[in-house]
Amino acid sequence: QVQLVESGGGDVQAGGSLRLSCAASGTIFSLHDMGWYRQAPGKQRDLVAGIDSSGSTNYPDSMQGRFTISRDNAKNTVYLQMNSLKSEDTAVYYCNADVEDWTRRVRNYWGQGTQVTVSS
């Protein structure tokens with residue numbers, strides 16, 4: 001069994017910063033692609049940033065510049081640094097990962113989500 005646990009969310013004023021963390025634990029042989037998504041009330045869940053096992057990153061055009069994804073493979077952890085936050089960044093942020101377990105099977109997992117609220 002694998003768990004993804006996010007932390008670092010909270011309330012912040014517009015213009016501020018937050019750093020989200022997502023730690024994977026359980027029967028992990030290897031972590032492959034990891035990413036952060038967000039979902040605002042009444043909206044679909046959208047990709048915020050992705051990172052592969054080599055550290056190559058990808059961002060949707062709308063997310064370029066203010067958000068930075070990184071990972072620490074030794075800690076099985078992925079991070080999302082969010083700067084210059086805006087009220088429209090308010091959402092639940094979810095961690096996602098492709099996890100290879102000790103049977104060498106790859107499954108996709110989601111974290112439980114962490115709330116980010118940006119007040120103007």
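A pocket is here an open set of points, on a 1 Å grid over the protein atoms alone, with protein on both sides within 12 Å along at least five of seven lines, and its lining residues have an atom within 4 Å of a point. The structure is a predicted model, in which local features need pLDDT of at least 70 and side-chain atom pairs count only at pLDDT 80 or more, whereas totals for chains, interfaces and linings use all residues. Residues are numbered from 1 along each chain as its sequence is written, and side-chain values use heavy atoms, with hydrogens and water left out.

The largest pocket is lined by R38, Q39, A40, K43, Q44, D46, S62, M63, E88, T90 and A91.

A hairpin is formed by β4 and β5, with six residues between them, and G42 in the turn has a positive phi of about 80°.

T77 belongs to strand β8 (residues 77–82) and counts as buried because its relative accessibility is 9%, the limit being under 20% relative accessible area with a 1.4 Å probe and protein chains only. A polar atom of the T77 side chain lies 2.8 Å from the backbone oxygen of K75. Beyond its neighbours within four places in sequence, T77 is in contact (heavy atoms within 4.5 Å) with S21, C22, A23, S70, R71 and D72.

Methods: Helix = DSSP H or I, 4+ residues; strand = E, 2+ residues; numbered from the N terminus. Buried < 20%, exposed > 50% of the residue type's maximum accessible area, 1.4 Å probe, protein only. Polar contact = N/O pair within 3.5 Å; in protein donor to acceptor, adjacent residues only side chain to side chain. Pairing = 2+ DSSP bridges. 1 Å grid on protein atoms, 1.4 Å probe; cavity = no way out; pocket = protein on both sides within 12 Å on 5 of 7 lines; lining within 4 Å.
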